[in-house]
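Work through the exercises below with the model open. Try each task before reading its solution.

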Amino acid sequence: AQNKEFVCRGHDYERLEAFQQRMLNEFPHAIAMQHANQPDETIFQAEAQYLQIYAVTPIPENQEVLQRDGIPDNIKSFYKVNHIWRFRYDRPFHKGTKDKENEFKSLWVERTTLILVQSLPGISRWFEVEKREVVEMSPLENAIEVLENKNQQLRTLISQCQTRQMQNINPLTMCLNGVIDAAVNGGVARYQEAFFVKEYILNHPEDGEKITRLRELMLEQV
């Protein structure tokens with residue numbers, strides 16, 4: 001189908017490269033596009049066949065189940081990837097001047113949400129995209145989400161250790177190492193330098209609540 005968009009559920013443990021190869025074998029005349037940006041009009045109008053394949057993240061409908069304490073992790077895992085209507089794809093980009101010492105200051109995220117005609121998985125492993133929505137997340141909003149996700153990951157790992165669901169504690173140890181000694185990006189210290197300084201607070205008076213939220217998440221992580 002020309003100029004149509006689908007979300008497809010791959011095989012269990014199938015890597016993206018293997019899935020791409022499988023699709024290219026099914027469409028031997030197709031040209032594989034090597035990026036996930038929205039194609040321009042020349043691609044849509046072209047006589048040739050193009051395939052654009054990239055990974056998307058499921059957005060669970062039942063957030064209450066995922067956030068409630070006391071619900072077994074295997075049930076939470078089910079809801080994370082089943083009965084899903086919406087999927088998302090994030091594209092990071094820089095706005096304004098990029099600070100080489102602290103890239104978080106200008107790191108925006110273009111978030112594309114894909115809404116399907118029917119939830120996955122269903123009678124088929126793939127369904128057509130009915131609607132796409134694009135929003136931009138500011139560097140501060142991006143920082144809040146990164147910390148929320150990391151805190152949730154830590155809570156899950158700690159819970160698995162406490163209930164003896166995890167045979168060894170390596171995943172928790174690795175996660176803690178990444179948080180406590182964040183050698184790659186400089187961790188939360190970079191967020192403090194970017195968003196807790198007077199200059200940012202004065203220039204973004206509308207961000208007061210979000211700055212408070214970021215501070216709360218940092219304390220929660222500690």
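**Exercise 1.** Find the element that gives the largest share of the lining of the second largest pocket. Then describe that pocket.

*Solution.* 
- Step 1. The element is α5, which supplies eight residues of the lining of the second largest pocket. Keep in mind that this is a predicted model.
- Step 2. Take the volume. The second largest pocket holds about 950 Å³ of space.
- Step 3. Locate the centre. The lining counts 33 residues, and those closest to the centre are Gln 63, Leu 66, Gln 67, Asn 149 and Gln 152.
- Step 4. List the contributors. Two or more lining residues come from each of β4 (57–59), α3 (63–67), α4 (73–81), β5, β6, α5 (139–162) and α9 (208–221).
- Step 5. Check the domains. Domain 1 (6–137) and domain 2 (139–220) each give at least three residues to this lining.
- Step 6. Sort by class. The lining has 13 charged, twelve polar and eight nonpolar residues.

**Exercise 2.** Characterise the largest pocket: its volume, its central residues and the classes in its lining.

*Solution.* 
- Step 1. The volume of the largest pocket is about 1800 Å³.
- Step 2. Its lining consists of 46 residues, with Phe 6, Val 7, Cys 8, Phe 19 and Gln 52 closest to the centre.
- Step 3. Elements supplying at least two lining residues include β1 (6–8), α2 (41–45), β3 (50–52) and β7 (126–137). The biggest contributor is α1, with five residues.
- Step 4. The lining divides into 28 nonpolar, eleven charged and seven polar residues.

**Exercise 3.** Which feature does UniProt place at residues 137–164, and how much of the span is helix in the model?

*Solution.* 
- Step 1. The unreviewed UniProt entry gives "coiled-coil region" for residues 137–164.
- Step 2. In the model, the span is 86% helix and 4% strand.
- Step 3. The C-alpha atoms at the ends of the span lie 38 Å apart.

How values were computed. Residues are numbered from 1 along each chain as its sequence is written. This is a predicted model: local features need pLDDT of at least 70, side-chain atom pairs count only at pLDDT 80 or more; totals for chains, interfaces and linings use all residues. Side-chain values use heavy atoms; hydrogens and water are left out. UniProt positions are given in the numbering used here, feature names are shortened, and annotations may be inferred rather than shown by experiment. On a 1 Å grid over the protein atoms alone, a cavity is a set of points where a 1.4 Å probe fits but cannot get out, and a pocket is an open set with protein on both sides within 12 Å along at least five of seven lines; lining residues have an atom within 4 Å of a point. Grid points are joined across faces, edges and corners, and a volume is the space filled by probe spheres set on the points. Ala, Val, Leu, Ile, Met, Phe, Trp, Tyr, Cys and Pro count as nonpolar, Asp, Glu, Lys and Arg as charged, and the others, Gly among them, as polar. Domain bounds come from an automatic or database domain assignment.
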